[in-house]
Amino acid sequence: MFDPFWKLALGLLTGMVFGLLLQKGRVAKFHVIVNQFLFRDWTVVKIMGTAVVVGAVGIYALLPTEAVSLHIKPLVWLGVVAGGVCFGAGMAIFGYCPGTSVAACGEGRRDAMVGVLGMLLGAGLYVILYPQLSSLLESWGDAGKVTLPEMSGTSPWLWVGGLCVLAIGAITLSVRGSSGESPRFPKGDRNVDASSTEGPSRETNPMMETDRT
Amino acid sequence: MNNPLLKHSWSPYLVGVGIGMLSWFAFWSADHPLGITTAFEHTAAMILEAAIPGLAESNSYYQEQSPKIGWQWMLVVGVLLGSVISSFMSGDREPITVPPLWQSRFGASAGLRLTVALLSAGLMIFGARLAKGCTSGHGISGNLQLAASSWLFSFIFFAVAVLTAFLMYGRSVRDV
């Protein structure tokens, strides 16, 4: 029923940093999420892309030291495809994702609070239907807990390196694209209000490639 | 204004680096990837178990999964607290019911917005449980491990979300 106390405290601490980062990243805001899907604000892709690249470098570097181990989710074809369709439609309509809706509650957003209730109901429905769903979801087959390097028989560093190159390229293009159109900002100001660099960078499609590789 | 916590927002790249490094910490310290929706599933399962006698015996979920108040559950509580602290320190409080962008397209009705929020959030998490992850579990933690399932999930959900958003708001809605 309960994890040991130290683990609960560790979870709370990790979560607090996560919530702080989501709130400061402005992704706990309805218009930032929806405008990403309308290609008018690239904050979500910038944050996720950077997190994936930085995370991948660290995790694959730590892997040989056995300080960390991988936790891969199985590629249950129907589950991932149907889940992705429901999730994408739901997220675009709701305007928050599960993590950011919790952070949005912290900002005081009432529609997110009702959404959290809806998430409990949706999760309850999944638990009730679990016996029927688990056999149905397997009907398209299950490729197991595989990574892209394993599937393709290549080195993970080829993929990590590729992601780094894509990210650096996308950020360079994005920064160049925005500095061309907007009046020059002192460097520090960029960090104060990220939204001021959003508009012009739309054309350069920053980091989108990392999501599609 | 030298204290970064007092600022409304940080650079998205800085936030991304922070989340990436936080996931190193989570893997190393708790042997857990960052993920949100498992905690919702476990909470719902525990409420249902308490509310419906005999459910744990008749539903195979309870034989195969073990819902608990664990690291992931406290992670969600932490996200709430972290956001509360961050938004109070910067004054970036947004106690709104109908977001302006929504209002510009669907009107100011709080009832409509809240009903749709309830249902769409339910659909979203149902999808996340079918796929075993969300924007955190698949989109960040899974993708950074180069998991095949996560990259496929991310591609599909992003494409469907773009399609849905354009169907809902079109290209004509003003930037709000």
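Modeller: For residue classes, Ala, Val, Leu, Ile, Met, Phe, Trp, Tyr, Cys and Pro count as nonpolar, Asp, Glu, Lys and Arg as charged, and the others, Gly among them, as polar. This is a predicted model, in which local features need pLDDT of at least 70 and side-chain atom pairs pLDDT 80 or more, while totals for chains, interfaces and linings use all residues. Residues are numbered from 1 along each chain as its sequence is written, chains are lettered from A in the order in which they are written, and side-chain values use heavy atoms, without hydrogens and water.

Biologist: By class, what does the lining of the largest pocket have?

Modeller: A pocket is an open set of points on a 1 Å grid over the protein atoms alone, with protein on both sides within 12 Å along at least five of seven lines; lining residues have an atom within 4 Å of a point. The volume of the largest pocket is about 650 Å³, counted as the space filled by probe spheres set on points joined across faces, edges and corners. Among the 25 lining residues, K73(A), T38(B), Q65(B), Q72(B) and R129(B) are the closest to its centre. The classes are seven nonpolar, 10 polar and eight charged residues.

Biologist: Which helix gives the most to the lining of the largest pocket?

Modeller: Helices are DSSP runs (H or I, at least four residues), numbered from the N terminus. In chain B, α2 (37-51) and α5 (71-90) each supply at least two residues of this lining. With four residues, the one that gives the most is α2(B).

Biologist: Which salt bridge does E41(B) form?

Modeller: An automatic or database domain assignment gives the bounds, and chain B is divided into domain 1 (1-95) and domain 2 (98-176). F27(B), T37(B) and E41(B) supply 47% of the area that domain 1 of chain B buries against domain 2 of chain B. A salt bridge is a side-chain nitrogen of Lys or Arg within 4 Å of a carboxyl oxygen of Asp or Glu, and at 2.5 Å between the closest N and O atoms the partner of E41(B) is R129(B).

Biologist: How many salt bridges are there between chain A and chain B?

Modeller: In contact (heavy atoms within 4.5 Å) are 126 residues of chain A and 126 residues of chain B. The area buried between the chains is about 11,400 Å², with 74% from carbon and sulfur atoms. One salt bridge joins the side chains of K68(B) and D3(A), at 3.1 Å from N to O. The count between chain A and chain B is five.

Biologist: How many residues apart in sequence are the parts that E107(A) and K29(A) tie together?

Modeller: The side chains of E107(A) and K29(A) meet in a salt bridge, 3.1 Å from N to O. E107(A) lies in helix α5 (residues 98-107) of chain A and K29(A) in the loop between α1 (5-24) and α2 (30-37) of chain A, so the parts tied together are 78 residues apart.

Conventions
On a 1 Å grid over the protein atoms alone, a cavity is a set of points where a 1.4 Å probe fits but cannot get out, and a pocket is an open set with protein on both sides within 12 Å along at least five of seven lines; lining residues have an atom within 4 Å of a point. Buried area is the accessible area (1.4 Å probe) that two parts lose on being put together, summed over both.
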